[in-house]
Amino acid sequence: MRKWASFPLREGDVSRQAHADFPEQAIYERETGRSGFFGPATHFHHRHAPTGWSDWQGPLRPRLFDLNQLTENQVESPWQVPLLLHNAHCKMRTWRVQEKMPYLVRNADGDELLFVHEGSADLYCDYGHLEIVEGDYVVIPRSTMWRLEPKSPMLLLMIEATNDSYQLPEKGLVGNHAIFDPAMLDTPKINEAFKAQYSEQSWQVQIKRHGQTSVVTYPYNPLDAIGWHGDLAVMRINWRDIRPLMSHRYHLPPSAHTTFVAQRFVVCTFVPRPIESDPGALKVPFYHNNDDYDEVLFYHAGDFFSRDNIEKGMVTFHPAGFTHGPHPKAFQAGQEYRKKFTDEVAVMLDTRDALEIGEAALATENPAYVNSWQVT
Ligand SMILES: [Fe+2]
């Protein structure tokens, strides 16, 4: 295995512990890290905020999209929804669904992860019936047939693991039952509601493969299983079931909040938690360049403690290649330990490969976001 150094190198005035006890005169710590902060990393102690740029030219920049403005996603089929951010391994969409779906859908391109931003529904699928509500993650294995009957209008965040499948992360030192117990995962039931939809009427399935949709017609409802057994199924967990890791003395990196992993990206969940209380501990996310990953944050609920003027339903996109970190007011509040608790709920998508921005997302961009770190 390649190793860069057998122990951390050091130069000048430094703290020995990352994210704590910074040298005087240099309160701005920047982590430059490889392999999503699991590879070689260095912590710089700067005299100025690394986000203090006064001008920015060119296509690489931090982006803010207000997906609440999106209208192209109010369509009948999830396969008609425009791609917002995407690469060969990952496709992010949002879909507004209000009416009972009149057909089944199946994604033959990869596993689908739904996050219920708004609304609730009955989900019917190969595996049975499952009620889903705001705040639920639903993992739908590739080529599962499913449909929704919304009980209230839904806005779904959809993340496709293209040609891949979702797995749970390694829990390492904290063991299998931390963060959430696998026993908290719900699976669909062959219950009365499911049996009530058995039908000899004609049903259609819209199958997406290579981004193209085919329609298959059956003279009966193919959701007709009377039972199943195995280790593959639709799974549901709500963000409220996640018990976040934290340390009162150390700001843990986002990887501590990893919820699902695929081969070329991870999905993490930020949920309410106390802010670090140790006097020397950093209390906001450290400035960083995550040099091997593009970073996307979807804001679901609460007050977003490290960013100004962010509202639920918005998405920030920080491509690899520059340093980012807390907004100045949030950084100052952290210095003064003004906030004891964060109630934010956000879904983070970090991709190993560069994401492309779809036209529909670009139409909702706030171009002033690149200047939002300027001290006013
Ligand atoms: Fe970041």
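In which strand is the place of Val97?

A: Val97 belongs to strand 5, which covers residues 90-97. Here helices (H or I, at least four residues) and strands (E, at least two) are DSSP runs numbered from the N terminus. The model is predicted, so local features need pLDDT of at least 70 and side-chain atom pairs count only at pLDDT 80 or more, while totals for chains, interfaces and linings use all residues. Residues are numbered from 1 along each chain as its sequence is written, and side-chain values use heavy atoms, with hydrogens and water left out.

With a relative accessibility of 3%, Val97 counts as buried; buried means under 20% relative accessible area, exposed over 50%, and partly exposed in between (1.4 Å probe, protein chains only). Apart from residues up to four places away in sequence, Val97 touches Leu148, Pro150, Pro153, Met154 and Leu156, where contact means heavy atoms within 4.5 Å. The C-alpha atoms of Val97 and Asn290 are separated by 35 Å, and the two residues are 193 residues apart along the chain.

Over residues 95-233 the chain is 47% strand and 3% helix, with its end C-alpha atoms 23 Å apart.

Leu157 is found in strand 10, residues 145-162. Leu157 is buried, with a relative accessible area of 1%. Leaving aside neighbours within four places in sequence, the contacts of Leu157 are Met92, Arg93, Thr94, Leu113, Leu114, Phe115, Phe298 and Val347. From Leu157 to Phe38 the C-alpha distance is 27 Å, and 119 residues separate them in sequence.

Tyr166, leaving aside neighbours within four places in sequence, is in contact with residues including Leu113, Val139, Ile159, Phe265 and Val267. In soluble globular proteins, nonpolar side chains tend to be buried together.

The structure holds 17 aromatic pairs, in which rings of Phe, Tyr and Trp (its six-membered ring) have centres within 6.5 Å; planes under 30 degrees apart count as stacked, over 60 as edge-to-face and the rest as tilted. One of the pairs is Phe37 with Phe286, edge-to-face at 6.2 Å centre to centre and 80° between the planes. Phe37 lies in the loop between strand 1 (28-33) and strand 2 (41-46), and Phe286 in the loop between strand 16 (273-274) and strand 17, so the pair ties together parts that are 249 residues apart in sequence. Phe37 is buried at a relative accessible area of 17%, and Phe286 is buried at 4%. The rings of Phe194 and Tyr198 are likewise edge-to-face, with centres 5.7 Å apart and planes at 80°. Phe194 counts as buried at 0% relative accessibility, whereas Tyr198 counts as partly exposed at 28%. Ring pairs also link Trp53, Trp56, Phe322, Tyr369 and Trp373 into a cluster.

Charges meet rings as well. The charged end of Lys171 sits over the ring of Phe180, 5.1 Å from its centre, and that of Lys283 sits over the ring of Tyr337, 5.5 Å from its centre; this requires NZ of Lys or CZ of Arg within 6 Å of the ring centre and within 35 degrees of the ring normal.

There remains the metal site. His288 (NE2), Glu295 (OE) and His324 (NE2) are the protein donors of the iron ion, 1.7 to 2.2 Å from it; donors are N, O and S atoms within 2.8 Å of the metal (3.2 Å for Na, K and Ca), and sites may look incomplete because water is not among the atoms. His288 lies in strand 17 (residues 287-290) and His324 in the loop between strand 19 (314-318) and helix 2 (328-335), so the pair ties together parts that are 36 residues apart in sequence. Both His288 and His324 are buried.
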